[in-house]
Structure formats: C-alpha cells, structure tokens
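Dear colleague,

Please find below the sequence and structure that I am handing over to you. My notes on the findings follow directly after.

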Amino acid sequence: MPAAGLKTIIALSFVLAVGFLLVILSCALFKVYYPLLVVGTYIIAPIPNWICSRCANPDDFVESSGAAVLDLGRFFTGFFVVMGMALPIVLAHADLIRVEAMIMSIVGGLLIYGTIISFSMFFHEEQEF
Amino acid sequence: MEEDRLWKFSKPEWLNSVWARNTGVYSAGALFAVAFYVMLDSAVWSGSSRNASDVHVKFVDWLPLIFSSLGMLIINSVEKQRLSADSFSYSGSGVAWKARVVLFLGFAALAGGMAGGVTVFVLKFVVPGVQMPALSMGIENVVSNALVGLSSVVLWVSQNMEDEYSYNLSL
C-alpha cells in the first residue's frame, strides 16, 4: 500500500463531494427526496464489519465461533452494499423516482462507498494484524 | 490428505485462500440482498400507480420467502464439523444425529419455500391468466426464492472452504 499523503486526502474528499453532489442533485432536480436513503445505506454498510471484528478474536482457530461472527458481519456488509444499489432500482421501477435520478443516485452512492472503503484501507492499515 | 481423495480433479489452490472465502461470504450476502429486493420490488410495484390490474401482493406472497430465509438461517447455523463426527469419543452422544435432523429441517424449509414460490406463481398468476406487467410479480417471487437457495449454497461452500483453511493452518 503506498503511503497515504496529502494528495490522497484531497482526491478522496473530492470524490466524496462529487458523490454527495450526484445524490443531492438526483433528489433536488426532481423534488423527490427518496434517493437520500442511499447515503444512509452506504454509511451503515461498514458498521457490521466493525462490530463483528470487535466481537471476534480472529487468531482463534481452534474454536471456529469467532470466524462465524466475522462471517456474519461480512454477510450483512454485502447485504447493505447491494441494498444501496437495489433501492433506487426498486423506487424507479415503482415510478416513485425518475430513471435519471436512479442512475445519478447509484453512481453517487458507489462513489461515496468507494471513498469510505479506500479511506479505511489507507488509514487503518495498522489494525490488520 | 491426497490419498483419500475421491474425485479425479482436485480443488484448485486459490480456493483455499482467505480471499476466496471472504469473497464467498460477501457475495452470499449480496445474493440474499438481491433476493430480498426482488421480492420487495414486486410488493412496491403492486402498490404503485403502474399496477393497473386487480392482482396485489399480500402476505401470502411473502410466506415462501420467509420460509426460504428461515431454512437458510437453520442450515448455516449448524456446525458443519459435527456432521462427520460420528464416534462417541469425539462428539458426545448423538451430536451428528441431531445435526442431521436439524439440517434436514433446514433443507425442508428451503425446498418448501421454493415450492411455495412456484405454487403462488401458478395458483395466483398462471391459472387466472394474468397478463404480462402484473405477471412479473409472480416471476419475481420464484426468482427471489431461487436466489435465496443460491445464496445459501454459496455461504455453505465458502464456510467449508474456511474449515479447510483453518485445518491447513493448524498443521
């Protein structure tokens, strides 16, 4: 992993701002504020991993219950990530939001989640072991 | 290890890595989310203004998904190592037998959910002759139950990968 410098922080915050811009535009352009749910989904997506990695001892290989708790956290993280993509599609299919708003909120949500993931990859490296 | 192998083709090496196991668990969660949101999509579409027909998604349509999810929860909660532990000294009295009964109940719930999805599709949508935009609610029901089954298969396989991995590490 390359050293996370000032340029990384600037680029990450820029991408985060673009993501929020896309999501807020997708709401405000059409005066329908359902796509804001996407932001909340992506913010709670890493939380199961954090909680379950606190609960489990990953060095414990004899009793595999620790690995089971870790797997539960991963399962729910995968669930929430797909939820962020599936929610605008469901809303657009039911004619609650427009298709343009769906595309903008999906792209914006992916940018926000990518920022969260790469931020934790760059700056929480020492917790891996 | 290599001598008591049954199949001609051995498992590739990369399948035993931590990376493959984590990817399997993540994608199981993703598949389950797709299943849930396909079903939710049919319910939301049923209540929306696009649904011109008289057919609506009721609690009956959700029952197959509930049973499939229950079966998936039961199957993946059982400790897989207890299945092969048949001797008394290794696992106590009859743990393998209990594990088989519980697993049977779980697979029965999963298969019952799938069969229920097909039943709802046939009895509610095909037999009354519902036309295409409303027929998609029934198709989504079948698809979501199949996806729950697929998700539990992926989770099962990746948990077995994890056992192999920890076994290799403890040697």
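In chain A, H1(A) and H5(A) pack with their axes 8 Å apart and at an angle of about 155°. Because angles over 145 degrees count as roughly antiparallel, this pair is roughly antiparallel. The crossing of H1(A) with H5(A) is left-handed. By class, the residues in this contact comprise 15 nonpolar and 8 polar ones, with no charged residues.

**Model and confidence**

Please note that this is a predicted model. The average pLDDT of chain A is 80, and 84% of the residues score at least 70. Among the elements of chain A, H1(A) has the highest mean pLDDT, at 88, whereas helix H3 (residues 47-55) has the lowest, at 81.

**Overall organisation of chain A**

Chain A contains 5 helices and 0 strands, and its pattern along the sequence reads α-α-α-α-α. Of its 129 residues, 36% count as buried. When contacts in chain A between residues at least 6 apart in sequence are considered, 70% of them join residues at least 24 apart.

**Two loop residues with positive phi**

Most residues other than glycine have a negative phi. Lys31(A), which is not a glycine, has a positive phi of about 60°. Lys31(A) is located in the loop that links helix H1 (6-28) and helix H2 (36-44). Asp95(A) likewise has a positive phi, near 65°, and lies in the loop between helix H4 (65-93) and helix H5 (99-123).

How exposed are these two positions? Lys31(A) has 6 other C-beta atoms within 10 Å and is therefore exposed. Asp95(A) has 14 such atoms within 10 Å, so this residue is partly exposed.

**Contact between the chains**

Chain A contributes 18 residues to its contact with chain B, and chain B contributes 23 residues. The side of chain A that touches chain B is made up of 11 nonpolar, 4 polar and 3 charged residues.

With kind regards

Definitions and conventions. Residues are numbered from 1 along each chain as its sequence is written. Chains are lettered from A and ligands numbered from 1 in the order in which they are written. This is a predicted model: local features need pLDDT of at least 70, side-chain atom pairs count only at pLDDT 80 or more; totals for chains, interfaces and linings use all residues. Two residues are in contact if their C-beta atoms, placed from the backbone, lie within 7 Å. Ala, Val, Leu, Ile, Met, Phe, Trp, Tyr, Cys and Pro count as nonpolar, Asp, Glu, Lys and Arg as charged, and the others, Gly among them, as polar. Helices (H or I, at least four residues) and strands (E, at least two) are DSSP runs, numbered from the N terminus. A residue is buried if 20 or more other C-beta atoms lie within 10 Å of its own, exposed if 12 or fewer, and partly exposed in between; C-beta atoms are placed from the backbone. pLDDT is the predictor's confidence in each residue, from 0 to 100. Axes are lines fitted to C-alpha atoms, for helices over the stretch in contact, and angles run from 0 to 180 degrees between N-to-C directions. Angles under 35 degrees count as roughly parallel, over 145 as roughly antiparallel, 65 to 115 as roughly perpendicular and the rest as oblique. A crossing is left-handed if the near helix is turned anticlockwise from the far one by less than a right angle, and right-handed if clockwise.
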